[in-house]
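Thank you all for making the time this morning. I would like to go through one structure with you, and I will ask you to keep it on the screen while I talk.

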Amino acid sequence: MTIPDFFIVGHPKCGTTALYEMLRQHPQIHMPVKEPWFFVPERARPSPDGGASRSPQELEEYLALFAGAEPGQRIGEATPSYLRSRTAAREIAELAPDARIVAILREPASFLRSFHLQSVQAHVESETDFARALALEEPRRRGESIPPGVSRPEDLLYSEHVRYVEQLRRYRDAFGAERVLVLIYDDFREDNEATVREVLRFLEVDDSRPLALVEANPSVRLRSRRMDELVSSLSHGRGGASRALKTAVKTLTPRGLRRGTLASIQRRVVYGEPPPADPALTLELRRRFAGEVRALSEYLDRDLVALWGYDELA
């Protein structure tokens, strides 16, 4: 059986998609799929068109994802939910005890704001106002105000995502500190190439090859959920309306430009630039998570308090 030997475990909205896209171009790395979600308790991840789960449910099905690896290639996958999961580290270690782990962390206030925007975009979060979504945490802990159809309501408990030291400790306990690489989002944004080469050295593959830089999964504002659902259903559907739209695109668009036309419509019509962050809410969150940032600085032996500006809090 072909077993992955490295895992990008998260967090979401911290560059995991861009890192995945850049690593999978390397000839010594085999990463055929992103986010199989196998090592999280709720494995019934719905497909984009609302159909049955597209996540592997059995171990044989999961391992089959990587069957195309060539001899000598490093095999990896990237599922940002693994870092938050209380069980994923242990389950991964049971399957691949010598695996290498890559985690990416981001300043808490900006991370949660970006994660909220993504949750709205993915139709997981129904409350588009970030402050009101944060205020719903307590009702949601009681099982109230959960959006319909949400399979993982704990994802909407935003503050629970910022338990960085606890999350890292689970992986270091399972694999040892030498097999866990912790990246900081600021470093990745400042110099994509240097960060990816650091990961390549960690994986013990050639880090001298030219790299194609990737900008992936940017934060956006969802203008209209109904319009997003309409474009998505037409794009993925098989009914008459879907066929008519695809025929129109085929008729009006040159052959070389057809690929991704519906996605382009979605980006231009359905999504927009995110609004600026609320300074008062940002300050409130930074004060709330100052203790976590100080603990993480000590745990990683790096001054994130200064890097993230927490030394300037009044």
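I will go from the chain as a whole to its sheet, then to the aromatic residues, and finally to one helix.

Before that, the conventions: this is a predicted model, in which local features need pLDDT of at least 70 and side-chain atom pairs count only at pLDDT 80 or more, while totals for chains, interfaces and linings use all residues. Residues are numbered from 1 along each chain as its sequence is written, and side-chain values use heavy atoms, with hydrogens and water left out.

The chain has 16 helices and seven strands, where helices (H or I, at least four residues) and strands (E, at least two) are DSSP runs numbered from the N terminus. Of its 314 residues, 48% count as buried, a word that I use for under 20% relative accessible area, with exposed meaning over 50% and partly exposed in between, for a 1.4 Å probe and protein chains only. If we take contacts (heavy atoms within 4.5 Å) between residues at least 6 apart in sequence, 70% of them join residues at least 24 apart.

Now to the sheet, which is open and has five strands in the order β2-β3-β1-β4-β5 with parallel pairing; two strands pair if DSSP finds at least two bridges between them. At the edges are β2 and β5 (180-184), each of which pairs on one side only. Strand β3 (residues 74-78) has five of its five residues buried, so it is largely enclosed by the rest of the structure. On one side of β3 we find Arg74, Gly76 and Ala78, on the other Ile75 and Glu77, and all are buried. Three bridges join β3 to the parallel strand β1 (residues 6-10), with isoleucine 8 opposite alanine 78, whereas β2 and β3 pair over two bridges, histidine 30 having isoleucine 75 as its bridge partner. Further along, five bridges join β4 (residues 100-105) to β5, and valine 102 stands opposite leucine 181.

Let me turn to the aromatic residues. Rings of Phe, Tyr and Trp (its six-membered ring) pair if their centres lie within 6.5 Å, and planes under 30 degrees apart count as stacked, over 60 as edge-to-face and the rest as tilted; by this rule there are ten aromatic pairs. Phenylalanine 38 and tyrosine 62 have ring centres 4.6 Å apart and planes at 10°, so this pair is stacked. Phenylalanine 38 lies in the loop between β2 (29-30) and α2 (59-64) and tyrosine 62 in helix α2, so the pair ties together parts that are 24 residues apart in sequence. Tyrosine 62 is buried, with a relative accessible area of 0%. With phenylalanine 39, the ring centre of tyrosine 62 is 5.3 Å away and the planes are at 85°, so that pair is edge-to-face. One aromatic cluster takes in Phe7, Phe38, Phe39, Tyr62, Phe66 and Tyr82.

Which residues does tyrosine 82 contact, leaving aside its neighbours within four places in sequence? Among them are Phe7, Trp37, Phe39, Ile92 and Tyr171.

That last residue brings us to helix α8 (residues 164-175), whose twelve residues reach 17 Å from first C-alpha to last, close to the 16 Å expected, the expected span being 1.5 Å times one less than the number of residues. Buried residues in α8 include Tyr164, Leu168, Tyr171 and Phe175, and just after the helix, glycine 176 takes a positive phi of about 90°.
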